Amino acid sequence: MGAKWLGARVLRKEDPALLTGNGCYVDDIKLPGMLHAVVLRSPHPHAGIRGIDKARALALPGVHAVVTHADLPESMRNQRVPLLVPNPAIKQVYMPYCLAKDEACFVGDPIAIVVADNRYIAEDAASLVEIDFELLASVSDCAAALAKGAPTSHRDANPALGNLGALIPLSVGNVEVAFASAAHIFREQIFLHRGGAFFMECRGMIAAPDPVQEALTIYVSSQGPHRHKRVLLDLLDWGDHQLRIITPDVGGGFGPKGSFYAEYGALAATAMLLRRPVKWIEDRQENFLSTQQERDQYWDLEIAVDRDAKILGIRGKLIHDSGAYMPWGVVLPWISATTVPGPYVIPAYQIDVHCVVTNKVPTSPVRGGGRPEAVVVMERLVDRVARELKLDRTEVRRRNFIQPTQMPYNVGIIFRDGRPVTYDSGDYPMAQAKALAFVNHNDFLKRQIEARKHGRYIGLGLANAVEATGLGPYESATVRVSTSGKITVYTGATPQGQSHKTTLAQIAADQLGCTPDDIAVVTADTAATGLGVGSFAARTAVNAGNSVHLASIQAAEKIRQFAAQMMEVSEGDIVLEDGFAKVAGADLKRSFREIAARAAGMPGFSMKGGPEPGLEGMSHFTPDRSTYSNGTHIAEVEVDIETGHLKILRYVVMHDCGTVINPMVVEGQVVGGVIHGIGNAFFERMMYDELANPISTHFGDYLLPLATDSPNIEILHMETPSPLNPLGIKGAGEGGTIPAIATLISAVENALEPFGIKISEAPISAARIVELLGDAAKGRTR
Amino acid sequence: MIDTRKIKLTVNGRACEREVETRMTLADFLRHELDLTGTHVGCEHGVCGVCTVLINDISVRACLMLAVQAHGKAITTVEGLANPDGTLNGLQQAFREHHALQCGFCTPGMLTTLTEFLAHNSDPSEAEIRLAISGNICRCTGYQSIVAATLHAAKALREGKS
């Protein structure tokens, strides 16, 4: 069957409800008898908890409970939140209890759940809970945390390790030889900071006890309820049948909604204690204090090149701020370290990654998950080589690209799935060449010289990136034709705005001979799908997309088998069209409704010898390894050297994410991703003082890109299908963000070239530009 | 003692009367008392704009206003924007056609803000649209498609197509 819907610009199934206020986000759910909770959090970066006095809070009318660690069920008191991604590199595992037991390790660490008739009373009561804290020395900066004699972020830290949580040594090739034979060696020290996700809908959860059985239904704003279920089953010591988790509409996720948060366990326990549904909705200040962020990395790298600017090797060190706990183990810095080589041939690479435990909000991947930082680092190194050897930046890249003839290309380094990073396909030189031709690079150089004569400083930046997408293990899909003839796709994929309900329906429609409108897509309900992983890391199109494809093929086959039996024709003569199984060339057909009824069987009538009962297909497509999307970004910026103001004049993206399911959706992902990157490059900074007290705790201090900061993004497409899955999909959720910071930093540095300014950090604010310009800026200040 | 007041107001053309706590925000009143959950709450301090509603046709942050302050006023929320027959209005349809929403959480505030804007500016430039929504944060779309949708909707309005 040909692809009619795959690749088509289909309008979204999600939109009519969302445009009319009829979406259903977690805070829109109202259950009978529901109570409202506030999570009482530590106001201190590091403190012992000597005692908690609930009396005044409990005395307030309308208050139902103040739940602390001592009130939790035994299974929760005795274990910490389990680490789902263990790794031998982790030297000290730090995970929280569902509520702090006797030590709080960051401002925002949950200590108690306060429950009342409504949110207003719960907040009043929370302010009446008295906690006797013993203030402890705290750890703020992750580099300083490694110094001898630094205080430890946790009381029970191993003295020999201090704040070192994990050490990852990665290496490929012989770095010693590479550096010994190099014509030039250059060193770059780069500080990178990425803030948080700052999805518009804060986190939230409702835990509703079953009125009859020992069981809970949970609604949670997440990126995958199945992993949450796995953690909660451990924490509650329950069986599969006792827990159902549903994720309704989600107002953005970008990574941090994929994590299990300690308070989720505490809220489940609270609902069971009270035998009433309990709702908790994170407020925005709480979101700054408790939702995981990506934050700080200190890179110190050397690059060795030969006389012709060919890269021989890279070596050095990365210090990564893990925050107070390690919800994702070492996943984030591991991705950073393994993304550095990018589209270039790096014969030898060696890096030691130090993951440091501090007294800040724990970190998790945020859109791009450690890759944007790696791209900044690699592209800064290449720009440095170009500058030192007086070569054009694009030329140095050209000389070092992996060629399409080298695909599949084994980078040699071991990815976090334990397998070597192996690029599946892509034409990196072509991507750069096309992007450069599109912006007319040579013309820019002339315009730059002209502009400088008039005191205008424009700069061009470019960056290339390769992105591991479509990570396994799998995603579930069941495609079922009900006895009413209606088709439903069930999947563990958990959309947060990525249009899964539309794109997955497109894929199924092609196999079932109907339109996407004929197909309902049910996502993220553990009762509807037994297994599921969730949506993060640009993985859903590859994993869920191919599962839906394969499950639909199975379902279509079942339809044909039963229809053939009913009409006494051969299966091969049947085509599926408009909700019917039709016999080609004959006026003979059966509706899906009739066929589904036949497939469901009739009481008393044996189906032996015929097809398996039921019109459904199921698949858990598991990719052999990651696919790799790639892209080239080019930006033109203007810097006002008086105010430091940065203006993006033009932004071009060349993007290759393999087979495109819906170009409208892919463009939306790319544009949104780039703007996220602009935030990371110029605005977003989560600030802490030297004691690890958060300073930026609202949108007045922490700036997100606004419409007036955002340029129109021009997108060019290449489509190199992946050989690793039936549909050839790669993944597009993060490709817009990943090269954006590197591109913009490079453009700003290029604009300021006449002043000899080097930029080795991000984000870079207007104020910081003025600071770097020093006298050059001041000289112009009126 | 928690103070309450009786308020009368019109919401999406329907009169309503309620006894409310004086400290309750308008956003919470709409969402939890009237069950009009299309109005979202994103920052509770007036920066993100997702809670924007129209009060007597002027855009207002429902998180920064108390329900009692809406006494005697006519409020329009996102639930009140569609055509009388329930079909999407021109702006909503343009949003759909231009993929101007992804997660949909900021969308109600974008739509109410732009409804007010287009009522006063039927032929806006791209820059004017960007300025008009500069108090509404969208983390998904990068704004480009919202601007395109608004230009399209304005043109359709001028040509009397919606």
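Two strands count as paired here if DSSP finds at least two bridges between them, and strands (E, at least two residues) and helices (H or I, at least four) are DSSP runs, numbered from the N terminus. With that in hand, welcome to a predicted model, in which local features need pLDDT of at least 70, side-chain atom pairs count only at pLDDT 80 or more, and totals for chains, interfaces and linings use all residues. Residues are numbered from 1 along each chain as its sequence is written, while chains are lettered from A and ligands numbered from 1 in the order in which they are written.

**A hairpin in chain A**

Let us start with S19(A) and S20(A), which form a hairpin with 5 residues between them. In the turn, A:Gly485 has a positive phi of about 90°.

| Strand | Partner | Sense | Bridges |
|---|---|---|---|
| S19(A), residues 477-481 | S20(A), residues 487-491 | antiparallel | 5 bridges |
| S10(A), residues 216-220 | S11(A) | parallel | 4 bridges |

**An open sheet**

Elsewhere in chain A, 7 strands form an open sheet of mixed pairing, in the order S3-S5-S1-S12-S9-S10-S11. S3(A) (63-67) and S11(A) (243-246) stand at the edges with a single partner strand each, so one side of each has no neighbour in the sheet. On average, neighbouring strands are turned by 20° against each other, direction ignored.

**Where the chains meet**

Finally, 42 residues of chain B are in contact with 42 residues of chain A; contact means that C-beta atoms, placed from the backbone, lie within 7 Å. On the chain B side, H2 (90-97), H3 (107-120), H4 (126-132) and H5 (144-158) each supply at least two residues. H2(B) gives the most, with 4 residues. This side of chain B divides into 19 nonpolar, 16 polar and 7 charged residues. Here Ala, Val, Leu, Ile, Met, Phe, Trp, Tyr, Cys and Pro count as nonpolar, Asp, Glu, Lys and Arg as charged, and the others, Gly among them, as polar.

Terms used:
Contact = placed C-beta atoms within 7 Å. Axes fitted to C-alpha atoms, helices over the stretch in contact; angles between N-to-C directions.
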